[in-house]
Amino acid sequence: MTDPLPFDFDEINYWSELKLEIVEKYGSAYTKAFKRFPKLKKYYIDGFSGAGAHVSKTTKAQVEGSPARALKISPPFDGFHFIDMNPRKTSYLQTLCEGRSGVQIHTGDSSAFLIKTLLPTIQYKNFNRALCLLDPYGLHLDWEVMRLAGQSQAVDMFLNFPVMDINRNAIWSAPDRAPQDGIDRMNRFWGDDSWKQVAYVPSRQANLFSSPDLIKQPNDAVVTAFRERLKATAGFEFLPEPLPMKNSKNAVVYYLFFASAKPVAKKIIEDIFKKYR
Ligand SMILES: C[S@@+](CC[C@H](N)C(=O)[O-])C[C@H]1O[C@@H](n2cnc3c(N)ncnc32)[C@H](O)[C@@H]1O
């Protein structure tokens, strides 16, 4: 066994700990449901896996990350794909997975790997299915990943919709002053720039001589439109109301989306979300 590259564990907030609990609970229900379909292969995909361990900001204790929790689930998944662009984290994760078969760890950009290599192999017609966690810190994901996942009809997806990054870097009260980098990242996440029509509406005060000001819309409008987009454009049929993850000041840090092609998946996650709303 080689020593992992040194790094400091990420400190995570309590809302990240809640997300971990939710994904673990759903993962347990997910693999159990496959007992009735022994011919189907079931995979776990963690697009932003981290190192597999964190430190809790609240208690300072070590907390198991999403890959470590997925590995514990019983009955087990048939295979695991962990992706992170930080080589120190994937190197540590490698040591956590020592002795475990069916684990693939990829160091690099998640979107590129998922679009080109992994998601095209997960298809309803291929008799395989996947539970996929897409959990970036911010707008670091390409819409094509979500579209492929939806089109496959074979992926159940958890998605972190990063409203805090969006409000800090892309959707501003003065749209013409928003940073270009944030707008580009938002376009990539959304798949095009149609979010602007949802995020801003013209004020009524415009007259013949002035162009209307654009009024920034509340988070709800953007979140609702994104949910609709996951349904209509990506093709996920079953999407419960996303779960707002709030900080101690009651501000929403991100929305936890869940999307699936199966009605039973929606029912299970709604029962879990209910306990956390
Ligand atoms: C919120 S953390 C993941 C936490 C992990 N899913 C968990 O719950 O234990 C986000 C991770 O994404 C990684 N990351 C950031 N940008 C990335 C990218 N473009 N592709 C792959 N990983 C990325 C970071 O190194 C970080 O470990």
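Analyst: What follows starts with a pair of helices and then turns to a hairpin and a loop residue. The model is predicted. Two packed helices are described by the angle between their axes and the distance between the axes. Here the pair is helix 5, residues 143-152, and helix 9, residues 219-234; their axes come within 9 Å and cross at roughly 55°. The crossing of the two helices is right-handed. On the side of helix 5, the residues in contact are W143, M146, R147, G150 and Q151, and they meet F226, R229, L230, T233 and A234 of helix 9. Sorted by class, this contact between helix 5 and helix 9 holds five nonpolar, three polar and two charged residues.

The hairpin comes next. Strand 11 (residues 243-246) and strand 12 (residues 252-259) run antiparallel and are joined by four bridges. In this pairing, K246 stands opposite V252 of strand 12. Five residues lie between the two strands, and N250 in the turn has a positive phi of about 70°. In a regular strand the side chains alternate between the two faces of the sheet. In strand 11, L243 and M245 make up the covered face, while P244 and K246 make up the uncovered one.

S49 sits in the loop between strand 2 (41-46) and strand 3 (53-56). S49 has a relative accessible area of 2%, so S49 is buried. Leaving aside residues up to four places away in sequence, S49 touches S66, P67, F82, I83, D84 and L93.

Terms used
Residues are numbered from 1 along each chain as its sequence is written. This is a predicted model: local features need pLDDT of at least 70, side-chain atom pairs count only at pLDDT 80 or more; totals for chains, interfaces and linings use all residues. Side-chain values use heavy atoms; hydrogens and water are left out. Buried means under 20% relative accessible area, exposed over 50%, partly exposed in between (1.4 Å probe, protein chains only). Contact means heavy atoms within 4.5 Å. Axes are lines fitted to C-alpha atoms, for helices over the stretch in contact, and angles run from 0 to 180 degrees between N-to-C directions. A crossing is left-handed if the near helix is turned anticlockwise from the far one by less than a right angle, and right-handed if clockwise. Ala, Val, Leu, Ile, Met, Phe, Trp, Tyr, Cys and Pro count as nonpolar, Asp, Glu, Lys and Arg as charged, and the others, Gly among them, as polar. Two strands pair if DSSP finds at least two bridges between them.
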